[in-house]
Amino acid sequence: MPEAARTVIELDSNALALGLAGERDAHLRVIEERLDCRLTLRGNVVTLEGEPAAVAKAAAALEELLTVIRSGRPLNPAMVESLMDISV
């Protein structure tokens, strides 16, 4: 059984973190469920924990979502689901 991996991503602002998380952390839950990886958001810091491959995929998915947010487009759960369909 592979060892658990842990990655910490510090976001630029709390506003960016709120956009990434979604209402009641809905966006983060989509990623957790799809990748069997735990995501924890505290302030502007996201911690990813799980199998190394799952953590790597989750980190890549978060970066894609952050790119969308930084471009000025708000996220919604359907967009997160679509991204997960493409990337997983």
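Let me start with His-27, which sits in helix 2, the stretch of residues 26-35, and please keep in mind throughout that this is a predicted model. At 4% relative accessibility, where anything under 20% is called buried, His-27 counts as a buried residue. Its side chain reaches the backbone oxygen of Leu-20 at 3.1 Å, and, leaving aside residues up to four places away in sequence, His-27 touches Gly-19, Leu-20, Ala-21 and Gly-22 as well as Leu-75, Asn-76, Pro-77 and Val-80.

Two of those contacts, Asn-76 and Val-80, lead us on to helix 4, which covers residues 77-87. Asn-76 caps the N-terminal end of this helix, with a side-chain oxygen 3.0 Å from the backbone nitrogen of Ala-78. Within helix 4, Val-80, Leu-83 and Met-84 are buried, and, seen down the helix axis, the buried residues fall within an arc of 100°, so they line one face. What covers them includes helix 2 and helix 3, while on the other side of helix 4 we find Ala-78, Asp-85 and Ile-86 exposed.

Now to the strands. Which strands pair with strand 3? Strand 1, residues 5-10, pairs with strand 3, residues 45-50, in the antiparallel sense over six bridges, and strand 2, residues 37-42, is also joined to strand 3 by six bridges and runs antiparallel to it. Val-45 in strand 3 has Glu-10 opposite it, and Arg-42 also stands opposite Val-45. In the hairpin of strand 2 and strand 3, where two residues lie between the strands, Gly-43 takes a positive phi near 65°.

Methods: Residues numbered from 1 in each chain as written. Predicted model: local features only at pLDDT ≥ 70, side-chain atom pairs only at ≥ 80, totals over all residues. Heavy atoms only, no water. Helix = DSSP H or I, 4+ residues; strand = E, 2+ residues; numbered from the N terminus. Buried < 20%, exposed > 50% of the residue type's maximum accessible area, 1.4 Å probe, protein only. Polar contact = N/O pair within 3.5 Å; in protein donor to acceptor, adjacent residues only side chain to side chain. Contact = heavy atoms within 4.5 Å. Pairing = 2+ DSSP bridges. Arc of directions from axis to C-beta.
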